[in-house]
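Let's take a look at how charged side chains pair up in this protein. Have the sequence and the 3D view open as you read.

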Amino acid sequence: MADEANRTAFMEIQGQMVEITGKLKQVQNQMRNKEGERKRAFLTLEELRQLPDDTNTYKSIGRTFVLEPRSVLMNEQEQKFKDSEAAITALQTSKEYLEKQLGEVENNLRELLHQDPTLARQIMSMTVV
């Protein structure tokens with residue numbers, strides 16, 4: 001009876017680990033994307049700052065380019081930079097929370113396997129196909 005309960009608990013913990021790991025990878029990918037956006041905005045801003053105020057600048061909209069004042073483009077890039085920074089901060093918080101959850105689930109798994117050495121031996125004897 002206890003063996004079946006431990007096996008059920010193991011399956012539940014394993015499912016939690018898979019779910020949390022998937023979420024963590026998703027957050028890391030989102031962070032990587034936002035960091036790329038932030039870097040592009042920063043580099044674009046640096047290039048725009050070097051231009052004189054009266055320079056014709058163009059904004060890409062799909063396949064077309066629209067003439068825009070330099071100040072408008074700089075404001076847009078500054079806003080993209082700030083938005084990316086805020087998103088990265090929020091994603092970092094999520095990442096830390098998920099890492100903490102993953103650590104707790106791993107500890108639960110260790111405790112379960114420590115309590116039931118038979119279950120640990122059964123798991124270790126399984127072959128991964």
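A salt bridge here is a side-chain nitrogen of Lys or Arg within 4 Å of a carboxyl oxygen of Asp or Glu. Side chains of opposite charge can pair when their charged atoms come close. What you see is a predicted model, where local features need pLDDT of at least 70, side-chain atom pairs count only at pLDDT 80 or more, and totals for chains, interfaces and linings use all residues. Residues are numbered from 1 along each chain as its sequence is written, and side-chain values use heavy atoms, with hydrogens and water left out.

How many salt bridges does a search of the whole structure find? It turns up 7. One network of salt bridges ties together Glu-46, Arg-49 and Glu-78. Three other pairs are listed here:

| Pair | N to O distance |
|---|---|
| Arg-38 and Glu-85 | 2.9 Å |
| Asp-53 and Arg-70 | 2.4 Å |
| Lys-59 and Glu-76 | 3.0 Å |

Helices (H or I, at least four residues) and strands (E, at least two) are DSSP runs, numbered from the N terminus. Lys-59 in strand β1 and Glu-76 in helix α2 link distant parts of the chain, 17 residues apart.

Now, buried or exposed? Buried means under 20% relative accessible area, exposed over 50%, and partly exposed in between (1.4 Å probe, protein chains only). Lys-59 is partly exposed at 25%, and Glu-76 is partly exposed at 25%.
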